[in-house]
Amino acid sequence: MRLYALAVYLFLYVPIGVIAVFSFNAGRHAAQLQGFSTQWYGKALSNPFVMEALQTSAIVAGASAALATIAGTLAALALQGVGGKPRAIFDALLYIAVMVPGIVIGIATLIALVTLFDWVNPVLAALWPLADQAPQLHLGKGSLIAAHGLFAMALVVIIVRARVAGMDRSLVEASADLGATPWGTFRQVTLPQIFPAILAGFLLSFTFSFDDFIIAFFVAGSETTLPIYVFSSIRRGVTPEINAIGTMVLAVSLVTLVVAQSILQRGRGRGAA
Amino acid sequence: MTPRLRTGLLLAPAALWLLAMLVLPLVVVLVFSFGERAAAGGYSAAFTLENFANLGTRWAAFKNTLMLAPVGTFLCLLIAYPLAYYLAVKADRKWRTLLLILVIVPFWTSILIRSYAWIYLLGGQGIPRLFDSLGLGNPRLINTPFAVLTGIVYGYLPLMVFPIFVSLERLDKRLLEASADLGSPPWRSFLQVTLPLSMPGVATGCMLVFILLMGEFLIPAMLGGGKVFFVGNALVDLFLQSRNWPFGAAVAVALVVIMLVTVTGYMRATRKWSGGRDDVSLM
């Protein structure tokens, strides 16, 4: 039994490990190790395309996670007091947002936004005082943030709501009885209790956006995120540089995830959620 | 400010977001699926069922998806169950949380990079070369259904382990003691007590993996090399290469309908196991 578990863990981690080991390989060849070197990291980090893609990914992940966390937390708090039909509709939409395949979300967003822009852009051009300076709406960071944020927001609502449901209501009542304003109660009683869930929601949202390929593939327009860059490089051939980028991407998400997990687990340990 | 107004204001950003980026786009897909392809690609308004009538031209993609998604789900289950059992029943309590985190964490890391790792391992310079040097021949692994299934199991195993672990951990150990006291050998206790009681977790895990597999694009794109392709690959081709949006929209609608029908049927069939509410979160 224990041996079996060990084998599965090896299956899960050896491929990742191979990428990491070969990212430090001095030679170009995939087959043999030829000594330790960090040259591929240097190559990757001095490649302007990689750096630009990294920047785009970081901006999109940061902005979509921040917006999703705010909107999701507000909604999770508000949903406490909502029942009946509105609640059922909201739950159904969250469920759809999480369950519909990313590829369908990507396609739907692409054709909806392109169609919308095709209508809006001529109107903007006609209304703008200086016609040739009228802004043109197009796919890019904005559409990436909106599309990634949608899934992330559903995730945040689910995580934060579980925490809100496990919260000790009597503390809120006690605070009100002692004369605190609703805002004061929120800031001093509710927020500290749900904060771990909010933080974990933010970190998960960030990793989701940072790692997502399929939605970005459709709605990125002329922008290139890091996964899109990696995907198109792999199509051109496997290079040690990809190993270095891949190892860095994995390292970023692993660190973020371990932090998020330990925050959530600690929260559970205290009896909540 | 009335509580009602406050609730409304708090919900507004999320509700608008869902409306603009989820409901509206999905409605657009449905509308487009009845339209015609414009001369330059894209969409021109019409009402025709032609796109749905032409679905048969993409039958290969549907067939691959409908065969490999269930097979992949079943393989995940076969490999995940013993691990979940070990974690929930046998593993040292002290290490359980850490071991569980180690299973879940890969799921949240880039599936792109993890599939890439298998290109590396299964490609000409990887395992086939190792076999060759051991004198075991030089099997062709990459760009085969085997490669795609390996990628699938590798990618979705964590999603299967977690729900099964949760239902096994909740299992009342006294039932097993009772079963043993009444003279059942361990294998019989397992078959008659543990296995039936873990069915809600099995059902949840299978559903999650199956749903995600139906929409898979990356794994077949990277490990199937154009030979083993899913509906997702057909969709990318239709939207980004041939720009036949209405037909692509019809394929997407067909995919979602197949998913809904399968999942609803599946949930009906498994309801008898999961009588209670089984709220399994992914974290």
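1. How many helices and how many strands make up the secondary structure of chain A? The model is a predicted one, and in it chain A has eleven helices and zero strands. Followed along the sequence, the order of elements is α-α-α-α-α-α-α-α-α-α-α.

2. Chain A has 273 residues, of which 43% count as buried.

3. The contacts within chain A deserve a separate remark. If one takes those between residues at least 6 apart in sequence, 79% join residues at least 24 apart.

4. The domain assignment divides chain A into domain 1, covering 1–37, and domain 2, covering 49–269. The centres of domain 1 and domain 2 of chain A, taken over C-alpha atoms, are 32 Å apart.

5. Where these two domains meet, eight residues of domain 1 of chain A are in contact with seven residues of domain 2 of chain A. The side contributed by domain 1 of chain A consists of five nonpolar, two polar and one charged residues.

6. Turning to the interface between the chains, 67 residues of chain A are in contact with 59 residues of chain B. On the chain B side, helix α1 (residues 3–32) of chain B supplies the largest share, with 16 residues. By class, the side of chain B that touches chain A comprises 46 nonpolar, ten polar and three charged residues.

Definitions and conventions: Residues are numbered from 1 along each chain as its sequence is written. Chains are lettered from A and ligands numbered from 1 in the order in which they are written. This is a predicted model: local features need pLDDT of at least 70, side-chain atom pairs count only at pLDDT 80 or more; totals for chains, interfaces and linings use all residues. Helices (H or I, at least four residues) and strands (E, at least two) are DSSP runs, numbered from the N terminus. A residue is buried if 20 or more other C-beta atoms lie within 10 Å of its own, exposed if 12 or fewer, and partly exposed in between; C-beta atoms are placed from the backbone. Ala, Val, Leu, Ile, Met, Phe, Trp, Tyr, Cys and Pro count as nonpolar, Asp, Glu, Lys and Arg as charged, and the others, Gly among them, as polar. Domain bounds come from an automatic or database domain assignment.
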